[in-house]
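My notes on the search are recorded below.

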Amino acid sequence: MFRRQREAYNANMKLTLKELIVEADRCVACGLCLPHCPTYRKTGSEADSPRGRIQLMRAVAQDILPNNARFNEHIDLCLSCRSCENACPNSVNYGALMDTSRALFVQKKGVFLSLTKPFVRYRFLTKALTWPIWLMQQCKLDGLLKHFSPVAKLLPSIEKPTSWKPLYSATTDKKGDVSLFLGCATSALDSQTLKASIYLLNKLGFTVHVPPRQTCCGSIARQMGDANEATKLTTLNQSSFDQSMPILTIASGCGAGLCDYLPMHKIQDISAFLINCDWSDISVNSMSERIFVQDPCTLRNVQKSHSAVYALLQKIPNAEIIPLAGNSQCCGGAGTYMLNQAYMANNLLNDKLTAIKTSNVAILATSNIGCSLHIANGLREQNLTVSILHPVQIIATQMGYSGVI
Ligand code: SF4
Ligand code: SF4
């Protein structure tokens, strides 16, 4: 009976319980993924390695081990960075194993989580929440927010909340149509990158559609093991976007979630789309600066588009594009991980801050808002001044983007 109930619940998830066991069985325990796993590198514990976690998931799925606090700890400590999946010679689908295990065995519950769901699901509520934050920042009262929530210390200086139009027409000879995925965090905290993206796409001849009913990608809900909420968000997005045109994502965390759960739609990271456009009539002003690039795990391991960021930035004359040392290791941001697993998140962040200091970084390009918020917070705490920008914002500025569309 218990097993049947669990399988019924599985209808909302990527794998069924049986499929989880079959997928876990595909791991041949070779250990080639171990050196790529940030948590294994830090703890040295097999239970915090991909191979160990897969064994644990299978054992709990087969009722060989209990689903107890120790099991939860090892699952919670996983960043879902999917470096292991990238390294696996047997192509074990670690992401699906982890999403399914979280939904089946490690669901997070609580009044706070229930209260926040509508603010993530409905864009008008997300926007309503950003108004008081913006106003408090304008009145220099944002320090007060930090007393109410640890999330507040991550907040960047935000723009006045934006009302997005459903359509932004191409400003040159039209070459096509694309949809833009806003993302809950990006639209609330980094509207400048969204505006820069629209500016750039319009200039390259693309009409940009911004479907008003689109919602969060569902990655945070999945990380919390809330498969029902994640499915609701996926269904909303599925019906909001036109399948015939590319859906461009700005934050790779959203892009990865959409690629996994909206396989019938043409999801693409914006940099990967832009490098294949016709740039022959576009002039880009030179910039004699070193631009360091941080590769988000989701862009590198899931969307596999990290090289597009370098190719895009190389279109800026005189700019020197340099990968940040240690790019293959997660920064520790990882969605809500930076809040729920602060010790490990800060341990990994320190490695990034060391790389930034060692290379005297002044400009850091990153394609994921989660990485950007986490690294910026670390830099603030160490009184370091580094401009952290989305690559699209950097190149759009060199093309004349002034913050207004
Ligand atoms: S590399 Fe793949 S097959 Fe080998 S231990 Fe890791 S997950 Fe298992
Ligand atoms: S997803 Fe990342 S943290 Fe989790 S097991 Fe794989 S490599 Fe390790």
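The entries that follow concern cavities and the residues around them.

Entry 1. I noted at the outset that this is a predicted model. I then searched the whole structure, and the search returned two cavities of 30 Å³ or more.

Entry 2. I turned to the largest cavity, which holds about 140 Å³ of space. Its lining consists of 17 residues, and those closest to the centre are Cys27, Cys33, Ile54, Cys88 and Val92.

Entry 3. Which helix gives the largest share of the lining of the largest cavity? I found that α4 does, with three residues. I also recorded that α4, spanning 50–61, and α6, spanning 83–87, each contribute at least two residues to this lining.

Entry 4. I next examined the second largest cavity, for which I recorded about 90 Å³ of space. Among the residues lining it are the cysteines Cys37, Cys78, Cys81 and Cys84. Pro38, Thr39, Pro50 and Arg53 also belong to this lining, as do Leu79, Ser80, Arg82 and Tyr94.

Entry 5. Which helices each supply at least two residues to the lining of the second largest cavity? I identified α3 (38–43) and α4.

Notes:
Residues are numbered from 1 along each chain as its sequence is written. Chains are lettered from A and ligands numbered from 1 in the order in which they are written. This is a predicted model: local features need pLDDT of at least 70, side-chain atom pairs count only at pLDDT 80 or more; totals for chains, interfaces and linings use all residues. Side-chain values use heavy atoms; hydrogens and water are left out. On a 1 Å grid over the protein atoms alone, a cavity is a set of points where a 1.4 Å probe fits but cannot get out, and a pocket is an open set with protein on both sides within 12 Å along at least five of seven lines; lining residues have an atom within 4 Å of a point. Grid points are joined across faces, edges and corners, and a volume is the space filled by probe spheres set on the points. Helices (H or I, at least four residues) and strands (E, at least two) are DSSP runs, numbered from the N terminus.
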